[in-house]
Amino acid sequence: VTAALLVGQVLLVVLLAPLLQGVIKSVKAACQNRRGPGLLQPSYDILKLLRRESVVSEHASWIFHVAPYVYVGAYLTAAAMVPMAFIHPPLEAFGDAVVVVGLFALARFALALAALDTASNFGGMGMSRDLAFAALVEPALLLSLFALAIPAGSLALADLAEGQRLGASLLLALAALVIVAIAETGRIPIDNPDTHLELTMAHEGMVLEYSGRPLGLIFWGAQVKQLVILALVVALTSPGGIARELSLGALSVGLLAFVLKLGLFGVALALIESSMPKLRVFRVPDLLGAASLLAVLAILSRFVIGG
Amino acid sequence: MSGVMLKMAVYGLLRVGWELAGPGPAWWGGLLIVLGIVSAVLGVLAAMAEHDLKRLLAYSSVENIGIVFVGLGAGLLLAGLGQPAAAAFALAAGLLHALNHAAFKGLLFLGAGAVLQAAHTRDLEKMGGLLHRMPWTGGAFLVGAAAIAGLPPLNGFASEWMTFQALLLLTGQGAVPAIGGALTAGLLALTSGLALFCFVKAFGIAFLGTGRSSHVEDVREASRPMLAGMAILAVACVALGLCSSAVVGLFSPITVTLVGAAVPPSPGLSLAAPATGAAASSYLPLGVAAEVLGLAALAALAGRLLGGRLVVRVAPPWVCGIALEPRMQYSAAALAKPVRIIFRALLRPYRAVEREQSAAPSFVVGVRFDAGLQPVYEHRLLRAPVGLVMSASRQIRALQNGSLRMYLAYMLVTLVVALLLARPGGAP
């Protein structure tokens with residue numbers, strides 16, 4: 001049964017991730033009063049890139065070739081460890097929330113090294129910003145997880161999803177997690193996913209030297225990451241409808257609820273992105289510090305006002 | 001050296017502070033956690049700003065010993081709060097990190113030594129592209145860098161995972177330990193994020209890209225015995241990571257002596273945190289490793305099936321239409337700049353630019369440039385105690401006067417004092 005769940009969840013993530021990107025892009029297009037490409041366009045883009053040749057810098061080593069696979073593998077593994085339709089994720093026994101954070105770090109490490117491997121200066125520039133932001137996102141994420149883990153006394157994701165009651169602490173942690181999600185998905189106001197302009201880029205600069213199939217895989221991996229982050233926020237803050245037993249009825253309700261909630265969070269992300277200007281690079285730490293502060297308040301409110 | 005010498009402090013603390021003085025009051029544990037996490041954050045910031053490879057590794061040792069002390073402090077605190085099983089787990093977290101640090105820091109110092117011998121420099125800004133010339137050294141250094149950056153499934157992640165779980169155990173012990181534990185976890189996360197950045201910098205600038213100076217032109221791979229030493233430690237990093245649950249069990253005799261409880265057993269090959277409430281979380285390194293590899297292979301297969309044979313073309317990198325020069329690459333100083341700016345209140349970077357001009361303001365003959373850090377902790381925090389220790393040492397040197405008779409007298413006095421102390425019913 002676990003194997004079937006694993007295959008199902010990985011397939012779901014792989015297929016749903018480009019679709020989620022399509023939804024976000026369509027909402028953004030609607031906000032900008034244009035028609036925009038169809039919902040399937042990100043999937044077509046990936047399929048196209050997978051067929052193209054890959055141009056590699058003459059200074060690159062094997063790391064540049066291996067990094068995209070490590071990147072995708074780490075995010076797919078993380079995807080199998082987060083509860084989606086069923087409260088117990090298929091790879092529950094493999095690790096808890098801290099392991100998911102560790103897998104994100106593994107993927108980031110691979111891509112950051114690949115950015116330096118090409119000897120191009122844009123890679124270094126994007127990577128140094130991306131890693132500096134990531135170092136500030138990590139405390140906000142961990143503090144939010146701790147705020148949510150205090151009632152359950154465990155960082156296992158099923159326990160985290162099970163143990164939440166609506167209260168000040170949950171809302172504060174949700175606010176912190178939304179900022180974390182914006183940062184991790186590289187969206188405005190922290191990063192701009194649509195441009196390589198060197199004044200603003202972080203994540204996009206890191207992958208500038210990639211082309212063809214590796215680039216397609218990185219896009220795919222980044223979309224999987226986006227889905228995993230949103231699924232994490234969904235599972236931790238609004239587990240309503242999620243399947244608690246292994247029956248066909250419960251699972252299909254859980255799946256439907258998951259897709260709906262994911263879509264809602266995706267739309268929210270697109271609306272935030274459409275309604276805000278991008279922050280200057282060195283104003284971003286203030287925002288990320290605010291996320292950590294919100295998470296600290298979430299922890300304090302557990303003990304001061306009891307919930 | 002850093003593998004063993006630095007652990008002497010940990011050993012001394014455990015022996016003297018714990019066994020001789022008995023497990024102290026709970027606030028000792030709290031103090032230890034605070035000192036540990038402060039040195040972890042300051043250590044990694046200093047390492048981030050450092051461009052001398054060996055000094056960078058030394059600063060990162062400050063960070064790692066800080067993490068060890070967080071685990072030990074959590075153990076002391078939990079023991080003081082009457083939770084022996086949880087205390088044993090936290091102690092094991094600290095001890096495992098000490099062991100892991102010995103493995104990956106030893107490996108990184110060997111790698112740095114091989115680089116120093118081959119390139120005759122420790123300055124990162126003069127390296128680059130060494131992976132092409134020293135593939136085995138580079139591969140071993142990469143394993144060490146990934147381990148120290150706390151990446152699953154290597155050993156550094158296992159002990160950091162346990163430290164996070166130990167801090168979570170504190171949250172069940174009333175408001176003050178809970179809030180302290182959670183804040184420490186946040187700072188520990190910051191530390192591991194910065195450590196990742198720091199070792200991407202160390203490995204990426206030294207081994208990737210292309211050479212930044214003439215130092216790397218005739219670099220050759222290190223000799224076989226040096227490579228063998230690195231290989232053993234690299235294998236140790238992987239093995240300690242995959243089999244961490246078995247290693248943790250070996251710490252039980254220590255924790256039984258210190259807190260009177262064995263390390264909670266782990267099922268099979270996975271590490272498990274002791275349960276406080278309904279459930280407990282676990283981490284199975286072997287499973288994670290297999291899963292990442294399997295899914296990466298699946299991604300490769302999917303690419304092959306959907307896109308056919310991969311065509312690769314090698315070309316010069318794009319730098320806006322001109323030819324790439326090695327010095328156009330991002331430097332270690334440039335990489336670290338966001339961190340220097342974000343933490344400027346702590347690091348206090350300074351920069352002085354002097355222009356020598358001939359006649360008109362537009363004709364610059366030469367530029368003198370000086371930049372560096374004046375870390376606030378060095379000036380405000382460390383100067384006074386360091387001065388005190390230095391002047392006390394100078395006073396004590398009066399004892400070492402080279403006279404044999406004086407030395408014999410010291411020995412006599414020491415013996416008499418020791419006998420007085422050891423007298424039955426004598427001094428405490």
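Predicted model: local features only at pLDDT ≥ 70, side-chain atom pairs only at ≥ 80, totals over all residues.
Helix 1 (residues 2–31) of chain A and helix 9 (residues 212–237) of chain A have axes that come within 8 Å and cross at roughly 85 degrees. Axes here are lines fitted to C-alpha atoms, for helices over the stretch in contact, with angles running from 0 to 180 degrees between N-to-C directions. Helices are DSSP runs (H or I, at least four residues), numbered from the N terminus.

Residues are numbered from 1 along each chain, chains are lettered from A, and side-chain values use heavy atoms, without hydrogens and water.

Next, the pockets. The largest pocket holds about 860 Å³ of space. A pocket is an open set of points on a 1 Å grid where a 1.4 Å probe fits, with protein on both sides within 12 Å along at least five of seven lines; lining residues have an atom within 4 Å of a point. Its volume is the space filled by probe spheres set on the points. Among the 41 lining residues, Pro193(A), His203(A), Glu204(A), Phe219(A) and Ala222(A) are the closest to the centre. Helix 9 of chain A gives the most to this lining, seven residues.

The second largest pocket has a volume of about 690 Å³. Of its 26 lining residues, the closest to the centre are Val70(A), Leu106(A), Leu142(B), Ala146(B) and Leu154(B).

Definitions and conventions
Helix = DSSP H or I, 4+ residues; strand = E, 2+ residues; numbered from the N terminus.
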